[in-house]
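Here is the note on the model that you asked me to look over. Please read it with the sequence and the coordinates open beside you.

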Amino acid sequence: MALLPAVRAARIVPRSAVAACQRLMAVPVSEAKHGAAAPSSAIFGGPIGLGAPLARRGAGVSVLGCAIAMVAVGGCAQGIGQLFAALVVGMARNPSMKEDLFTYTLIGMGFLEFLAIVVILIAGLLLYSE
């Protein structure tokens, strides 16, 4: 209910005041207080504050690449499920091979877990690269 009066009030406010508020929100707090740039902005080489996400050009592309790479983790989970399903079927067909089948299952699961870890590392690389 409070949103409607806020929208009505926003129509009355002049655009210059809105632009000044937007500029104020984009300036880091330390810069607004002291009038000088903070040492952290000199270290990182870019704006720190609400304007920081707009400074990176390919931010959306890196997130999209990370999400596409993370689909492979679902494939690893599906592979682990199929691996243990095959173990159950194999033990039902030949119970005397239980220990050997379980050893092969653990080796296969190790390969799948390694693949999942590599995929997560590559997804993190894609997320934080420019």
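The points below go from the overall fold to single residues.

1. The model is a predicted one, and the remarks that follow should be read with that in mind. Its protein chain holds 6 helices and 0 strands, and when it is read along the sequence the pattern is α-α-α-α-α-α.

2. On contacts, residues 24 or more positions apart supply 66% of those in the protein chain that have a separation of 6 or more. Of the 130 residues of the protein chain, 14% count as buried. The accessible surface comes to about 10,100 Å², and carbon and sulfur atoms account for 72% of that area.

3. A nonpolar patch on the surface deserves a look, formed by Tyr 104, Ile 107 and Phe 111, which together have about 380 Å² of accessible area. Tyr 104 belongs to helix H6, which spans residues 98-127. With a relative accessible area of 55%, Tyr 104 counts as exposed, because the cut-off for that class is over 50%.

4. A polar atom of the Thr 103 side chain lies 2.9 Å from the backbone oxygen of Glu 99.

5. Ser 62 sits in helix H5, which covers residues 59-93. Its relative accessible area is 8%, and Ser 62 is therefore buried, since the class requires a value under 20%. The side chain of Ser 62 reaches the backbone oxygen of Leu 127 at 3.5 Å, a distance that just meets the criterion for a polar contact, which asks for N or O atoms within 3.5 Å.

6. How many disulfides does the model contain? The count comes to 0, under a rule that asks for a pair of cysteine sulfur atoms within 2.5 Å. As a reminder, a disulfide is a covalent bond between the sulfur atoms of two cysteines.

7. Are Cys 66 and Cys 76 buried or exposed? Cys 66 has a relative accessible area of 14% and is buried, because that value is under 20%.

Note on methods. Residues numbered from 1 in each chain as written. Predicted model: local features only at pLDDT ≥ 70, side-chain atom pairs only at ≥ 80, totals over all residues. Heavy atoms only, no water. Patch = residues over 30% accessible without salt bridge, like charges linked within 9 Å, V, L, I, M, F, W, Y side chains within 5 Å. Areas by Shrake-Rupley, 256 points an atom, 1.4 Å probe, with all protein chains shown as cover. Salt bridge = Lys/Arg side-chain N within 4 Å of Asp/Glu carboxyl O. Helix = DSSP H or I, 4+ residues; strand = E, 2+ residues; numbered from the N terminus. Buried < 20%, exposed > 50% of the residue type's maximum accessible area, 1.4 Å probe, protein only. Polar contact = N/O pair within 3.5 Å; in protein donor to acceptor, adjacent residues only side chain to side chain. Contact = heavy atoms within 4.5 Å.
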